Amino acid sequence: MAVKVLIIEDEAAIRDMVALALAREGYEAHQAESGEEGFSLLNEVVPDLILLDWMLPGMSGVDFAKRIKKDPLCRDIPIIMLTARGEEEDKVRGLSVGADDFVTKPFSPRELIARIKAVLRRASPMAADEVVEVDGLALDPVSHRVRAEEGSLDLGPTEFKLLHFL
Ligand code: CA
């Protein structure tokens, strides 16, 4: 399943550039022009990560992040803030509302993708396709195989996700 990324950014040029970089990486990009539009999209799709512009018309990026973190269904979705400001004080404020990382504009698509990968790795080993090992069981997200001491088990994707989650 493709990694889903929600981009909330009012500048069309940046949104398009980001969407293109995500598509090249094989990610599924969902775009919103405002925090309000972002919230309505969250009713249809649960993204693996949110790219959030700091300066938005209407609801600001900070207010959006605050609301997300209060929502039990969405609060675990990692957030990377896109900011034109590099000031220390703003970073502290962003982190205090739950942003996982920052990318300062102007940024290159390569830098952005690298940040996204790092945040996804921290947030969910499954998204990073890493083998998870617990108590003699090894879970491989790519092959959906589980290796135990007695041999390996083949599980369906749903059973695998359940076990991975547990
Ligand atoms: Ca903006």
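These legends describe close-up views of a predicted model.

Local features need pLDDT of at least 70, side-chain atom pairs count only at pLDDT 80 or more, and totals for chains, interfaces and linings use all residues. Residues are numbered from 1 along each chain as its sequence is written, and side-chain values use heavy atoms, with hydrogens and water left out.

**View 1. Five strands form an open, parallel sheet.** The order is E2-E1-E3-E4-E5. Strands E2 (28–32) and E5 (101–104) are the edges, each pairing on one side only. From one strand to the next, the twist averages 20°. Strands (E, at least two residues) and helices (H or I, at least four) are DSSP runs, numbered from the N terminus. Two strands pair if DSSP finds at least two bridges between them.

**View 2. Strand E3 pairs with strand E4.** Residues 49–53 and 79–83 run in the parallel sense over four bridges. Leu 52 stands opposite Met 81 in E4.

**View 3. Helices H1 and H4 lie across the strands.** Helix H4 (residues 88–96) lies across E4 and E5, at about 140° to E5. Axes are lines fitted to C-alpha atoms, for helices over the stretch in contact (heavy atoms within 4.5 Å). Angles run from 0 to 180 degrees between N-to-C directions.

View 4. The Arg 15 side chain reaches the backbone oxygen of Glu 9 at 2.9 Å. Among the residues that Arg 15 touches are Ile 7, Asp 10 and Gln 31, not counting residues up to four places away in sequence.

**View 5. Lys 105 forms salt bridges with Glu 9 and Asp 53.** A salt bridge puts a side-chain nitrogen of Lys or Arg within 4 Å of a carboxyl oxygen of Asp or Glu. The closest N and O atoms of Lys 105 and Glu 9 are 3.0 Å apart. Lys 105 lies in the loop between E5 and helix H5 (109–123) and Glu 9 in the loop between E1 and H1, so this pair ties together parts 96 residues apart in sequence. Both residues, Lys 105 and Glu 9, are buried. For Asp 53 and Lys 105, the closest N and O atoms are 2.9 Å apart. Asp 53 is buried too.

**View 6. Asp 101 forms a salt bridge with Arg 115.** Their closest N and O atoms are 3.2 Å apart. Asp 101 lies in strand E5 and Arg 115 in helix H5. Asp 101 counts as buried at 18% relative accessibility, whereas Arg 115, at 28%, counts as partly exposed.

Terms used: A polar contact is a pair of N or O atoms within 3.5 Å; within protein, one must be able to donate a hydrogen and the other to accept it, and residues adjacent in sequence count only if both atoms are side-chain atoms. Buried means under 20% relative accessible area, exposed over 50%, partly exposed in between (1.4 Å probe, protein chains only).
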